Amino acid sequence: MWSREFIVFRISVLLPSIILAFPAAAQSIPRYDVPGHCNQVADVGGGSSMIYNGCIKLEQEAYDSLKSAWSGIPSRTRSYCDEVGQAGGGSYSILKGCVDMESDAAANTEEFKF
């Protein structure tokens with residue numbers, strides 16, 4: 001069995017590196033299966049190549065826009081909007097829409113008045 005001192009020592013040595021690893025991972029834009037998502041979208045339209053190509057183009061534009069801004073987006077917004085983007089089938093367009101709306105809402109906080 002390990003002593004209490006040994007366990008505390010191990011935690012004190014490992015904890016800083018664990019904590020430092022998480023922000024770096026959070027700074028990376030999520031990776032979605034864009035071709036899979038766009039295939040699903042195109043299948044709703046009867047398997048249209050035009051819809052697939054349009055979807056890929058929109059997803060690429062949204063990804064490119066988010067990629068350069070991702071690290072500057074508050075972590076709470078990144079986390080919440082990633083969940084929203086994944087719920088939409090892994091869509092950068094949905095992710096970007098969520099980030100844009102959350103940013104607008106944060107900049108225009110409503111106040112309750114009596």
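Begin the tour by selecting Lys96, which is partly exposed, with a relative accessible area of 23%; partly exposed lies between buried, under 20% relative accessible area, and exposed, over 50% (1.4 Å probe, protein chains only). The model is predicted, so local features need pLDDT of at least 70 and side-chain atom pairs count only at pLDDT 80 or more, while totals for chains, interfaces and linings use all residues. Residues are numbered from 1 along each chain as its sequence is written, and side-chain values use heavy atoms, with hydrogens and water left out.

**The whole chain**

Now display the protein as a cartoon. Five helices and zero strands are present, in the order α-α-α-α-α along the sequence. Helices (H or I, at least four residues) and strands (E, at least two) are DSSP runs, numbered from the N terminus. The protein has 114 residues, of which 23% count as buried. For contacts, meaning heavy atoms within 4.5 Å, between residues at least 6 apart in sequence, 59% join residues at least 24 apart.

**The nonpolar core**

Select next Ile29, Leu66, Trp70, Tyr92, Leu95 and Val99. Of the 15 residues in the largest nonpolar core, these touch the most other members. The elements that give two or more residues to this core are helix H2 (34-44), H3 and helix H5 (92-107). Such a core is a set of buried Ala, Val, Leu, Ile, Met, Phe, Trp, Tyr and Cys residues joined through side-chain atoms within 4.5 Å.

Centre the view on Leu95. Which residues does Leu95 touch, not counting residues up to four places away in sequence? They are Pro30, Tyr32, Leu66, Trp70, Cys81, Asp82 and Gly85.

**The aromatic rings**

Show the rings of Tyr32, Tyr63 and Tyr92, which form one aromatic cluster. Rings of Phe, Tyr and Trp (its six-membered ring) pair if their centres lie within 6.5 Å; planes under 30 degrees apart count as stacked, over 60 as edge-to-face and the rest as tilted. By this rule the count comes to three aromatic pairs. For Tyr63 and Tyr92 the ring centres are 5.0 Å apart and the planes are at 70°, so the pair is edge-to-face. This pair links distant parts of the chain, since Tyr63 is in helix H3 and Tyr92 in helix H5, 29 residues apart. Both Tyr63 and Tyr92 are buried.

**Along helix H3**

Move to Ala69, also found in helix H3. At 36% relative accessibility, Ala69 counts as partly exposed.

**The surface**

Finish with Met50, found in helix H3 (residues 49-69). Is Met50 buried or exposed? Met50 counts as exposed, at 68% relative accessibility.
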